[in-house]
Amino acid sequence: MSLTLYFVRHGETIYSQTGGYCGDLDPELTPAGQQMAESLANAMKAIAWEAVYVSPMKRTIATAMPLCNAIGIEMQLREGLKEIQYGEWEGKTQEEVKQHYSNEYVHWMTEPAWNAPTGGETAVEVASRASLVVAEITEKFEAGNILVVSHKATIRLILCSLLGIDLGRYRDRIDMPAASVSVVKFDKYGPLLKQLGDRSHMSEELRSRPGT
């Protein structure tokens, strides 16, 4: 039996609807986001889980909670799984950032690996801290299924790190819809991407919501 990590992005929030930058901000799930979490739990509760690792934010905890309650497992919170910090851009739309932070925005869009949002984190910094959590998991578990509930940019950067994709291209190479599931299996040849951004567990109505 191999070690398999299931990466889940949290369900819908007001910021995933509007496209505003949300890293350190801590919004609740919307009612639709909560439905996404319930759909996820229903689809995944039959899987034999070894552990559940979660970013310590309201939106990620709320996404993991229905499944944890259903299977009777306690989630383990890890700071390293938090979303990229957007600094002074938190809560602002892309248009507002382009208007008020034009130079920083151009640098960030051109090479986000080494350029950060004003007062925020680079992709390299996020990947470094998130990779420590993945390393903790792979050192502790030789086999079994592990759930990791995190955020859009963070999961994409973890996948880039595992799959050998340039961190600076994480937005260009990998999509990560709300409440989607991406699966990586660890075998003798290293990490193997088995599933990316899957949302077959939720209704068409939820899948078609704008911005998710």
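A salt bridge is taken here as a side-chain nitrogen of Lys or Arg within 4 Å of a carboxyl oxygen of Asp or Glu; by this rule, the count comes to nine in this predicted model.

**Figure 1. Strand E4 and its parallel neighbours.** Strand E4 spans residues 144-150, and seven of its seven residues are buried. Gly144, Ile146, Val148 and Ser150 point one way from the strand, while Asn145, Leu147 and Val149 point the other way. Strand E1 (residues 3-9) runs parallel to E4 and is joined to it by seven bridges; within this pairing, Thr4 has Asn145 as its bridge partner. Strand E2 (residues 49-54) also pairs with E4 in the parallel sense, over five bridges, and Val52 stands opposite Leu147.

**Figure 2. The largest nonpolar core.** In soluble globular proteins, nonpolar side chains tend to be buried together. The largest core in this model holds 39 residues, of which Leu5, Phe7, Tyr53, Trp89, Ile137, Ile146 and Tyr170 touch the most other members. Two or more residues are given to this core by each of E1, E2, helix H5 (102-110), helix H6 (123-140), E4, H7 and strand E5 (181-187). Helix H6 supplies the largest share, eight residues. A second, separate core of 17 residues includes Cys68, Leu147, Val181 and Val183.

**Figure 3. Surroundings of Trp89.** Leaving aside residues up to four places away in sequence, Trp89 touches Tyr21, Val97, Tyr101, Glu104, Tyr105, Trp108, Pro117 and Thr118.

**Figure 4. The salt bridge between Asp26 and Arg59.** The closest N and O atoms of Asp26 and Arg59 are 4.0 Å apart. Asp26 lies in the loop between helix H1 (14-18) and helix H2 (31-44) and Arg59 in helix H3 (residues 58-71), so the pair ties together parts that are 33 residues apart in sequence. Arg59 is buried, with a relative accessible area of 0%, whereas Asp26 is partly exposed at 31%.

Figure 5. Arg78 and Glu136 meet through their side chains at 2.8 Å, N to O. This pair links distant parts of the chain, with Arg78 in the loop between strand E3 (76-77) and helix H4 (94-100) and Glu136 in helix H6, 58 residues apart. Glu136 is partly exposed, with a relative accessible area of 29%. The side chains of Arg169 and Asp172 also form a salt bridge, at 2.7 Å, N to O.

**Figure 6. A nonpolar patch on the surface.** Leu163, Leu193 and Leu196 form this patch and together have about 200 Å² of accessible area. Leu163 lies in helix H7 (residues 152-163) and is partly exposed, with a relative accessible area of 30%.

Notes. Residues are numbered from 1 along each chain as its sequence is written. This is a predicted model: local features need pLDDT of at least 70, side-chain atom pairs count only at pLDDT 80 or more; totals for chains, interfaces and linings use all residues. Side-chain values use heavy atoms; hydrogens and water are left out. Buried means under 20% relative accessible area, exposed over 50%, partly exposed in between (1.4 Å probe, protein chains only). Helices (H or I, at least four residues) and strands (E, at least two) are DSSP runs, numbered from the N terminus. Two strands pair if DSSP finds at least two bridges between them. Patches are made of residues with over 30% relative accessible area and no salt bridge: like charges are joined within 9 Å, nonpolar side chains (Val, Leu, Ile, Met, Phe, Trp, Tyr) within 5 Å. Accessible areas come from the Shrake-Rupley method with a 1.4 Å probe; for residues, only the protein chains shown count as cover. A nonpolar core is a set of buried Ala, Val, Leu, Ile, Met, Phe, Trp, Tyr and Cys residues joined through side-chain atoms within 4.5 Å. Contact means heavy atoms within 4.5 Å.
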